[in-house]
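Here's a quick briefing to read alongside the structure. Take a look at the fold first, then work through the notes on helix packing and aromatic rings.

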Amino acid sequence: MIVKKNVGRASPFLLVLLAFGFFIATYNLCILVTHKSGRSISGDSNDPIISRPDGLSVGGGGKFHVALTATDAPYSKWQCRIMYYWYKKMKEMPVSDMGGFTRVLHSGSPDNLMDEIPTMIVDPLPDGLDRGYIVLNRPWAFVQWLEKAVIEEEYILMAEPDHVFVNPLPNLAHGDNPAAFPFFYIKPAEHEKIVRKFYPEEMGPVTNVDPIGNSPVIIKKSILEKIAPTWMNVSLQMKDDPETDKAFGWVLEMYAYAVASALHGVRHILRDDFMLQPPWDLEVGKKFIIHYTYGCDYNMKGELTYGKIGEWRFDKRSHLRGPPPRNLSLPPPGVPESVVRLVKAVNEATANIPNWDTP
């Protein structure tokens, strides 16, 4: 059974039916990327726009609503609090096009951040449907939020808890063309055999599938409303296909969004300046978001020891059960500016967020 947005709201019961026949098993999500090279798709180009639809100018799309999906786990909550702190700060800066903000909480019940962060509660997938891959709840959360919420802005930024705004963010989309960050590890052409299971040849070349995930993406609300149910269904279908599940692993849901967008004929403006990822990206410059998904490990000489716990480190996974302490030690001399900026951003937020030590 496929969820179709134009026939009414998808109910949890419908999703239970979707789950019928699924073999429920434990899936160990690998969340640590072992990439050590090729961190930039755009090479040495100074142009932050890697590609755009032919003849398209960029910018001028108006305000966008910031939306991030989250759980009620302590690990998710402290990241959301830091993210929301920097949203509020950058929202008031010149050239920012940030509008309202919603934490889309897919736990099904309220938590202790309801008064601190604007939040809408949605249902998680039925028990066992995600098979331990909690990110699979993200597209279903967006489907529900888009149906329930009153969103004043025409555009939406899909963001994540481990994003820190480091420069005021303008609307990088243009008309019906969303803006997205290109990920070096999303390579549809290299997985054409698998992608073709979900994006058949009659839809066009596999290069129509952009090398992106759903976040960060700035997209028209009306377009996301069409993509979201397809994104959810493709995610479920990919997870149910053993070959696809094995090949895509922890980035399966990202591929699902890229394929769903292509199925709707949506192409994204690819912006290399949308985001940076320490420790591989060394400078913040004019980029807009720090994504701290990678661990940052260094010896006291300022040398990267990636894959080995450093004498100095910052890794979000060191704080799975509760927030990091205030006033983290700064990196040793020689560590890239991007890592220093990240730690300073975390310290500023934690110093100014009341009751920081509350899980």
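In this predicted model, helices α3 and α5 cross in a left-handed way. Their axes come within 8 Å and cross at roughly 145°. Residues 137–148 make up α3, and residues 221–240 make up α5.

**Where α3 meets α5**
- On the α3 side, the contact is made by Arg138, Pro139, Trp140, Phe142, Val143 and Leu146.

**Aromatic pairs**
- The structure has 17 aromatic pairs.
- Take Tyr185 and Trp250: their ring centres sit 5.5 Å apart with the planes at 45°, so this pair goes down as tilted.
- Tyr185 is in the loop between β7 (179–180) and α4 (192–195), while Trp250 is in the loop between α6 (242–248) and α7 (252–263), so the pair ties together parts 65 residues apart in sequence.
- Tyr185 has 16% relative accessibility and counts as buried, whereas Trp250, at 24%, counts as partly exposed; the cut-off for buried is under 20%.
- Trp280 and Tyr294 also pair up, with ring centres 6.3 Å apart and planes at 85°, so this one is edge-to-face.
- Trp280 belongs to the loop between β10 (275–276) and β11 (289–291), and Tyr294 to the loop between β11 and β12 (296–298), so the pair ties together parts 14 residues apart in sequence.
- Trp280 is buried at a relative accessible area of 10%, and Tyr294 is buried too, at 2%.

**A ring cluster**
- Phe181, Phe183, Phe184, Tyr185 and Trp250 are linked into a cluster by ring pairs.
- Two members of that cluster, Tyr185 and Trp250, are the partners of the tilted pair.

**The chain as a whole**
- You'll find 8 helices and 13 strands in the chain.
- Of the 359 residues, 58% are buried.
- Looking at contacts between residues at least 6 apart in sequence, 73% join residues at least 24 apart.
- The chain exposes about 15,500 Å², and carbon and sulfur atoms supply 53% of that area.

Note on methods:
Residues numbered from 1 in each chain as written. Predicted model: local features only at pLDDT ≥ 70, side-chain atom pairs only at ≥ 80, totals over all residues. Heavy atoms only, no water. Helix = DSSP H or I, 4+ residues; strand = E, 2+ residues; numbered from the N terminus. Buried < 20%, exposed > 50% of the residue type's maximum accessible area, 1.4 Å probe, protein only. Contact = heavy atoms within 4.5 Å. Areas by Shrake-Rupley, 256 points an atom, 1.4 Å probe, with all protein chains shown as cover. Axes fitted to C-alpha atoms, helices over the stretch in contact; angles between N-to-C directions. Left-handed = near helix turned anticlockwise from the far one by under 90°. Phe/Tyr/Trp six-rings, centres within 6.5 Å; stacked < 30°, edge-to-face > 60°.
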